[in-house]
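Colleague: Hi! Could you walk me through this one?
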Amino acid sequence: MLKKQLKVVLIGGPGTGKTTIINSLDEKGFSCFHEISRQVTLEAQKKGIDQLFLTEPILFSKLLLEGRETQFLKAQKLNNSPIFFDRGLPDVFAYLNYAKTEYPDYFIEKSKKYKYDVIFHFSPWEKIHESDNERYESFEETIKIDKYLQEAYLKLGYKIVKVPFGSIEDRVNYILHSIEQLK
């Protein structure tokens, strides 16, 4: 009998520790799909656009949506479980809501079409928050974005599991233990 593949998404505002945890899970041999917004931002910067999301939010978001859809489809072809994603499709329209930008219905429709199984939420944590070339949001903006992210997933009917603050090892263990309880 084929076991159901668990698609696990890590969500939270910028600088909350998601990428560090994904990298740790990746190092442990789990199948992981990494955040693609940095890649999209860097490609735009090569073309002279400092922050594509700020100048052309719909174009930026469309590129993200396409990239995350591709990740989801690639994951479905894998025989591994669980599979981890650093952000999911609903993050895209959550950010557009945060930016008060109108967007086509397909942003939500795609988020309804491609469903994840478990959502782990990383709360804003000032102690670890850092801004850089691609992550320009302040801690205060992270708090606001985080609310929109949670609203987006709740709107789609997801249950959100909060990841407690702690060391990388403690957070990874919490996630793995929580997933084990689902089996």
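This is a predicted model: local features need pLDDT of at least 70, side-chain atom pairs count only at pLDDT 80 or more; totals for chains, interfaces and linings use all residues.

Colleague: Thanks! How many helices and strands are in the chain?
Modeller: The chain has eight helices and five strands. Read from the N terminus, its elements go β-α-β-α-α-α-β-α-α-β-α-β-α.

Colleague: And in what order do the strands sit in the sheet?
Modeller: The order is β2-β3-β1-β4-β5, in an open sheet with parallel pairing.

Colleague: Which strands stand at the edges?
Modeller: Those are β2 (31–33) and β5 (160–163). Each has a single partner strand, so one of its sides has no neighbour in the sheet. From one strand to the next, the twist averages 25 degrees.

Colleague: What joins β4 to β5?
Modeller: Four bridges link β5 to β4 (residues 118–122), and the two run parallel. As for a specific pair, Phe122 has Val163 in β5 as its bridge partner.

Colleague: Which strands does helix α8 touch?
Modeller: Helix α8 (residues 168–182) packs on the sheet and touches β1, β3, β4 and β5. Its direction makes about 155 degrees with that of β4.

Colleague: What about α1, which strands does that helix lie across?
Modeller: Helix α1 (residues 18–27) lies across β1 (7–11), β2, β3 (83–86) and β4, and runs at about 150 degrees to β3.

Colleague: Switching topic: how much of the chain counts as buried?
Modeller: Of its 183 residues, 50% count as buried. The chain exposes about 9800 Å², with carbon and sulfur atoms supplying 52% of that area.

Colleague: Last one: what share of the contacts between residues at least 6 apart in sequence joins residues at least 24 apart?
Modeller: That share is 77%.

Methods: Residues are numbered from 1 along each chain as its sequence is written. Side-chain values use heavy atoms; hydrogens and water are left out. Two strands pair if DSSP finds at least two bridges between them. Axes are lines fitted to C-alpha atoms, for helices over the stretch in contact, and angles run from 0 to 180 degrees between N-to-C directions. Contact means heavy atoms within 4.5 Å. Buried means under 20% relative accessible area, exposed over 50%, partly exposed in between (1.4 Å probe, protein chains only). Accessible areas come from the Shrake-Rupley method with a 1.4 Å probe; for residues, only the protein chains shown count as cover.
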